[in-house]
Amino acid sequence: MPKTSKDYFPNQIKLGHFVLNIKLLDSEIIYNLGEQQGSFESREQTIYLDKDIVSGNPDQAINLVIHELMHAIYYQYNLNKESTEEDIVNAMSNGVTELLTRSDLKKWIEHKLKEV
């Protein structure tokens with residue numbers, strides 16, 4: 001049986017010296033937690049995601065995962081309101097490059113895009 005994007009979805013993603021845990025939750029639970037589709041919790045180094053969105057439309061799924069990973073990058077690079085545009089853009093490009101070259105995220109995205 002051929003593998004699907006679900007088979008490639010990572011339970012953990014290494015980002016710098018952090019290992020981020022990825023937890024998929026029922027839509028009702030994640031919405032009730034904060035009326036959101038996903039959340040990055042820095043204290044637990046965990047990203048919570050709406051499992052229906054992640055298993056659904058590829059564009060929305062990829063966007064949600066990347067959105068929450070951007071929060072993790074923002075945290076990891078210690079960005080804040082005083083950060084310059086160049087600091088933010090540099091941190092985000094470094095973080096995304098790391099995610100696409102040193103984690104299993106790229107495999108999931110590639111398989112998710114085949115669903116289009």
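In what follows, Lys and Arg count as positive and Asp and Glu as negative, while His and the chain ends are not counted, and each charge is placed at NZ of Lys, CZ of Arg, CG of Asp or CD of Glu. On that basis the chain has 12 positive and 18 negative side chains, and the centres of the two sets lie 9 Å apart.

This is a predicted model, in which local features need pLDDT of at least 70 and side-chain atom pairs count only at pLDDT 80 or more, whereas totals for chains, interfaces and linings use all residues. Residues are numbered from 1 along each chain as its sequence is written, and side-chain values use heavy atoms, with hydrogens and water left out.

**Overall fold**
- The chain has 6 helices and 4 strands, taken as DSSP runs (helices H or I, at least four residues; strands E, at least two) and numbered from the N terminus.
- From the N terminus on, these elements follow the order α-β-β-α-β-β-α-α-α-α.
- Along its principal axes, the C-alpha trace spans about 50 × 35 × 25 Å.

**Burial and contacts**
- Of the 116 residues, 37% count as buried, meaning under 20% relative accessible area with a 1.4 Å probe and protein chains only.
- Where contacts (heavy atoms within 4.5 Å) join residues at least 6 apart in sequence, 56% of them link residues at least 24 apart.

**Gln-45**
- Gln-45 sits in the loop between strand E3 (38–41) and strand E4 (46–50), and is buried at a relative accessible area of 12%.
- The side chain of Gln-45 reaches the backbone oxygen of Ser-42 at 2.5 Å.
- Beyond its neighbours within four places in sequence, Gln-45 is in contact with residues including Phe-18, Phe-40 and Tyr-75.

Technical notes. Buried < 20%, exposed > 50% of the residue type's maximum accessible area, 1.4 Å probe, protein only. Polar contact = N/O pair within 3.5 Å; in protein donor to acceptor, adjacent residues only side chain to side chain.
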